Amino acid sequence: MDTIASLFSFITTPVSWVIVQFHAVYGKIFGPDTGWAWGLSIVSLVILIRICLIPLFVKQIKSTRAMQTLQPEMKKIQERYKNDKQRQSEEMMKLYKETGTNPLSSCLPILAQSPFFFALYHVLNGIATGKTIGVIDDQLLASARKAHIFGAPLAAKFMDSSAKVEALGATLLDVRVVTAVMIVLMCFSQFYTQRQLMTKNVDTTVKTPFMQQQKMLMYVFPVMFAVFGINFPVGVLVYWLTTNVWTMGQQMYVIRNNPTPGSKAQAAFLERLQKHVTHHGKTRSRREKNIVKAIVSKGRDRNEFERKFINTLTKAGLAAQTDGTVVKGESTTLVETEDGTPTTGGAAPKRQQPKRQSKSQRQSGTAKAAGESEPKTSLSKSDEPEDDKPEDAKPAPKQASGGNKPGTGTRSKAQSGQRKGPQRPKSPSKK
């Protein structure tokens, strides 16, 4: 660890200078040789570093969400080129370039504060060994060696021997109890931060390998902190516990106010926003307008929670507009069902009118329905076959030239046994 920390010796002087400046302020309040003065100096160093890293944290959030949206496409590439690793890497890099994402962006805050972490470790290790380092001279070195945090020296470690701990003016039991408690708190804060990210701020509608990786890190990181923590000085444990608590609070703020779309946190956020907008009857801030505008612009691509938000506003007599404002009364904004099908005004969908049929189609349909519903028992005059009609109802056949056609009078009905069908007229008799 000393070899690794020495690689960051170029930043040791700035880190030691910042600690000394904070110590000068807190020393006037709590005393220069107290653990409060030196401990709060380390805490203030952490806060200053994390404030400077806020832009990187924002970039980390954007990159993480972009990677979540790309997981389905990445999975397709992996399945398509599972036997060609080189082509798979090329397609992955092409996808990152087209979407403007960077997988390393999610690690930027950790990578950025690593030099400060190792520089602080190097400073505290110099205090433990009695060596001046950076701007810490002999007077400040003696003051730092006298500083105790809850009975544990600033430079003591969990694995130190009793002789080394006694040289710093403390007992081994005090050092191990304090360091053990700080290690447990450090691991718990790391676990809780990762757990709230997995349970509240992840899109539950998409199952991707990214979620499995995050779940694995939720258990791996606390174990790593526990293993390395027993070799960290008390001052470094103060530093790491403070940065974990800062990360946890920062994560809680982001989950509450800027949740991931499709997550449980977004459902809770939109419910709070809906109650606020319904109570006031309008969007009151630019941020609220931007949120409503983004939801309206999605159209049919809205997720379940966003559709519920629009539907609830509509049922309350409010309508979300495309510019992000909310007005009273009906609007062109439509209420959507769970499958994304729009319906007007939140009411039940209207019954679809049947297609208009032509007169011939209606007549044929009516005749068909009548024929199916009412079986025929007897034939009416209009429905009787032509052969069964009375002879006088049939048109008289034309007379042949040269004689009169017999049977021009009224003919009797066809008797039983007579052949049905059109009868051939008899030829006139020749005289």
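**Figure 1. Helices α2 and α3 pack against each other in this predicted model.** Their axes lie 8 Å apart and meet at an angle of about 130°. That angle makes α2 oblique to α3. The crossing is right-handed. From α2, the contact uses V15, V18, I19, F22, H23, Y26, G27 and F30. From α3, the partners are W36, A37, W38, L40, S41, S44, L45 and L48. Packed helices in general are described by two values, the angle between the axes and the distance between them.

**Figure 2. D33 sits in the loop between α2 and α3.**

**Figure 3. L45 and the largest nonpolar core.** This core has 49 residues. W38, L45, F117, L120, I127, I136 and Y239 have the most contacts inside it. Six helices each supply at least two residues of this core: α2 (12–30), α3 (35–52), α6 (108–129), α7 (138–146), α9 (172–200) and α11 (234–257). Which helix gives the largest share? The answer is α6, with nine residues. Now focus on L45. Setting aside residues up to four places away in sequence, L45 touches V15, V18, I19, F22 and L120. Another core lies apart from the largest one. That other core has 14 residues, among them L270, V292, I295 and A320. In soluble globular proteins, nonpolar side chains tend to be buried together.

**Figure 4. Helices α9 and α11 run side by side.** Their axes come within 9 Å and cross at roughly 20°. How is α9 oriented relative to α11? The two are roughly parallel, because the angle is under 35 degrees. Their crossing is left-handed. On the α9 side, the residues that meet α11 include T179, M182, I183, L185, M186 and S189. Further along α9, Q190, Y192, T193, Q196, L197 and K200 also take part. The α11 side includes V234, L237, V238, W240, L241 and N244. T247, M248, Q251, M252 and I255 of α11 belong to this contact too.

**Figure 5. V175 is a buried residue of helix α9.** Its relative accessibility is 0%, so V175 counts as buried. What does V175 contact, leaving aside neighbours within four places in sequence? The partners are A152, P153, A156, K157, V165 and A170. L154 is 21 residues from V175 in sequence. From C-alpha to C-alpha, V175 and L154 are 9.8 Å apart.

**Figure 6. F150 has a positive phi.** F150 lies in the loop between β1 (148–149) and β2 (152–153). Its phi is near 55°, a positive value in a residue other than glycine. Most residues other than glycine have a negative phi. Is F150 buried or exposed? The relative accessible area of F150 is 69%, so this residue is exposed.

**Figure 7. Q266 and Q274 are found in helix α12.** This helix covers residues 264–280. Q266 has a relative accessible area of 7%, so it is buried. Leaving aside neighbours within four places in sequence, Q266 is in contact with P259, T260, P261, N303, F305 and E306. Q274 has a relative accessibility of 15%. That value is under 20%, so Q274 also counts as buried. Which residues does Q274 touch, not counting those up to four places away in sequence? They are F309, T312 and L313.

**Figure 8. The whole chain, for context.** The chain holds 15 helices and six strands. Of its 431 residues, 37% are buried. Take the contacts between residues at least 6 apart in sequence: 63% of them join residues at least 24 apart. The chain exposes about 27,300 Å². Carbon and sulfur atoms supply 57% of that area.

Technical notes
Residues are numbered from 1 along each chain as its sequence is written. This is a predicted model: local features need pLDDT of at least 70, side-chain atom pairs count only at pLDDT 80 or more; totals for chains, interfaces and linings use all residues. Side-chain values use heavy atoms; hydrogens and water are left out. Helices (H or I, at least four residues) and strands (E, at least two) are DSSP runs, numbered from the N terminus. Buried means under 20% relative accessible area, exposed over 50%, partly exposed in between (1.4 Å probe, protein chains only). Contact means heavy atoms within 4.5 Å. Accessible areas come from the Shrake-Rupley method with a 1.4 Å probe; for residues, only the protein chains shown count as cover. A nonpolar core is a set of buried Ala, Val, Leu, Ile, Met, Phe, Trp, Tyr and Cys residues joined through side-chain atoms within 4.5 Å. Axes are lines fitted to C-alpha atoms, for helices over the stretch in contact, and angles run from 0 to 180 degrees between N-to-C directions. Angles under 35 degrees count as roughly parallel, over 145 as roughly antiparallel, 65 to 115 as roughly perpendicular and the rest as oblique. A crossing is left-handed if the near helix is turned anticlockwise from the far one by less than a right angle, and right-handed if clockwise.
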